[in-house]
Amino acid sequence: MSHRCGAFLLMALLPLLSAVERPAGLGDVVDVRFWSYPDYTRVVVELDRSVEVEVRRLPADVKAERPERLYVDLPRIWVGRRYADGVEVGDGLLRDVRLGQNTLQSSRLVLDLEQYDRHRLLTLRSPDRVVLDVYGRRDGRDSHPGDASEPLSRLSMPLRSIRTVVVDPGHGGRDPGAIGLGGIREKDLNLEIARLLRKRLEQRGFQVMLTRDDDRTLDLEERTAVAESANGDLFISIHANASPRRSTRGLEIYYLDESHERHSLGVAARENGVPASEVDSLQRTLARLRVSEASVHSGQLAQLVHDEVVPSLRRNHRDFQDLGVKKGPFYVLFMSSMPSILVEAGFLTNRADVKLLRDDAFLEGLAEQIASGLERYRDRESHLASGVGG
Ligand SMILES: [Zn+2]
């Protein structure tokens, strides 16, 4: 089958359009990106405005040598001929991604499929983008049993053994996170703590996956996709805080919860690069994905980690301060159904905290105690699963 023949029908329209003036008042396509993961391929179309979209499916037409397709119309978006050649994927799930001017008033995103089980559509704000995940068996490999009907069904936590921890060093690359006193950069500190934590988790028999292991920019889509496709059992995101008040300091542990406290909106907005006004729409997305079931486990995990970390650091570092366990609507967590916590290791805008965070002994103690908290959670869950009692 010729690789390009599927693209022909749509592209045939374009020579007609190229002679036409672009109508006024349309939005633009900023970027088209895709990532291939073991279980799915994620396509992201970034736009300069929000759109209401739905996914339609076209069966294959063997006679016309046309593959099965998914398509999404983007109303009042102009793309012109920018993606006329399509974006070749060829990863065993998607053949290619095309984006063309379907009418003068709308563009159409077309995914030519090689395999297909199901898909998931998300529309996200700040920046506005359409995220389309396509799940299927790649290269004849079996997808995970039971996954087909319930993409986010991995919630019966007490019956699962906890093996794999996804450690997520916040920010990276073009996004430095908070910049603190003396120029300390959050992204560097997060990675340093994440690596220390990995070592201590591996010593305890966990498998560890880092969402990034160097100074790279990770889109939120990529960060969550890495976490989900690693089939992680626990997710821990590492951050450091900043405040306009220099005196504010201490360690906070957040967990995802739908009934979040208002004051955590600012933190969520900053850590996710989303304006606080948008966080409530994230919450609605979250509710739709029924992540709330995981938040009970996330709360227990946060408390166990807190109870390991705080007494030990307090004992060894007199200057250490604790701000406790809090609920937060963290964007980076919301697509994941695994128990998830976010550690804010301290405030880069506070002199005493920065001193601690530059102290290797403090960081190693922090990593050791976080690992110990995760171990306690694993042991407790395995006792519950084997009926020994909690
Ligand atoms: Zn951060």
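Visitor: How many helices and strands are there in the protein?
Guide: The protein has 9 helices and 16 strands. Here helices (H or I, at least four residues) and strands (E, at least two) are DSSP runs, numbered from the N terminus. This is a predicted model, in which local features need pLDDT of at least 70 and side-chain atom pairs count only at pLDDT 80 or more, while totals for chains, interfaces and linings use all residues. Residues are numbered from 1 along each chain as its sequence is written.

Visitor: What is the mean pLDDT of the protein?
Guide: The mean pLDDT is 81, and 75% of the residues reach 70 or more. The term pLDDT stands for the predictor's confidence in each residue, from 0 to 100.

Visitor: Let us turn to α3. What span should its residues have?
Guide: At 1.5 Å a residue, the 18 residues of α3 should span 26 Å, and the end C-alpha atoms are 26 Å apart, which agrees. The expected span is 1.5 Å times one less than the number of residues in the helix.

Visitor: And which residues of α3 are buried?
Guide: Among them are Glu186, Lys187, Asn190, Ile193, Leu197 and Leu201. A residue is buried if 20 or more other C-beta atoms lie within 10 Å of its own, exposed if 12 or fewer, and partly exposed in between, with C-beta atoms placed from the backbone. Just after α3, Gly205 takes a positive phi of about 85 degrees.

Visitor: Which strands does α3 lie across?
Guide: Helix α3 lies across β11, β12, β13 and β16, and runs at about 145 degrees to β13. For such angles, axes are lines fitted to C-alpha atoms, for helices over the stretch in contact, and the angles run from 0 to 180 degrees between N-to-C directions.

Visitor: In what order do the strands of that sheet come?
Guide: The order is β12-β11-β13-β16-β14-β15, an open sheet of 6 strands with mixed pairing. Strands β12 (207-210) and β15 (322-328) stand at the edges with a single partner strand each, so one side of each has no neighbour in the sheet. Two strands pair if DSSP finds at least two bridges between them. Between β14 and β15 the pairing is parallel, over 6 bridges, and Leu256 has Gly328 in β15 as its bridge partner.

Visitor: What about the largest nonpolar core: how many residues does it have?
Guide: The largest nonpolar core has 52 residues, and those with the most contacts inside it are Val165, Ile193, Leu197, Val305, Ile341 and Ile370. Helix α7 gives the most to this core, with 8 residues. A nonpolar core is a set of buried Ala, Val, Leu, Ile, Met, Phe, Trp, Tyr and Cys residues joined through C-beta atoms within 7 Å.

Visitor: What is Leu197 in contact with?
Guide: Apart from its neighbours within four places in sequence, Leu197 is in contact with Val167, Ala367, Ile370 and Ala371. A second, separate core of 26 residues includes Val43, Leu47, Leu99 and Leu109.

Visitor: Now the 5 strands that form an open sheet: what is their order?
Guide: They are arranged as β5-β1-β2-β10-β9, with mixed pairing. Strands β5 (77-78) and β9 (118-124) are at the edges, each with a single partner strand, so one side of each is left without a neighbour in the sheet. Helix α4 (residues 220-229) packs on this sheet, touching β1, β2 and β10 (129-135), and its direction makes about 165 degrees with that of β2.

Visitor: How do β1 and β2 run, and how many bridges join them?
Guide: They run antiparallel, joined by 7 bridges, and form a hairpin with 3 residues between them. Arg33 stands opposite Val44 in β2. Of the 8 residues of β2, 7 are buried, so β2 is largely enclosed by the rest of the structure.

Definitions and conventions. Contact = placed C-beta atoms within 7 Å.
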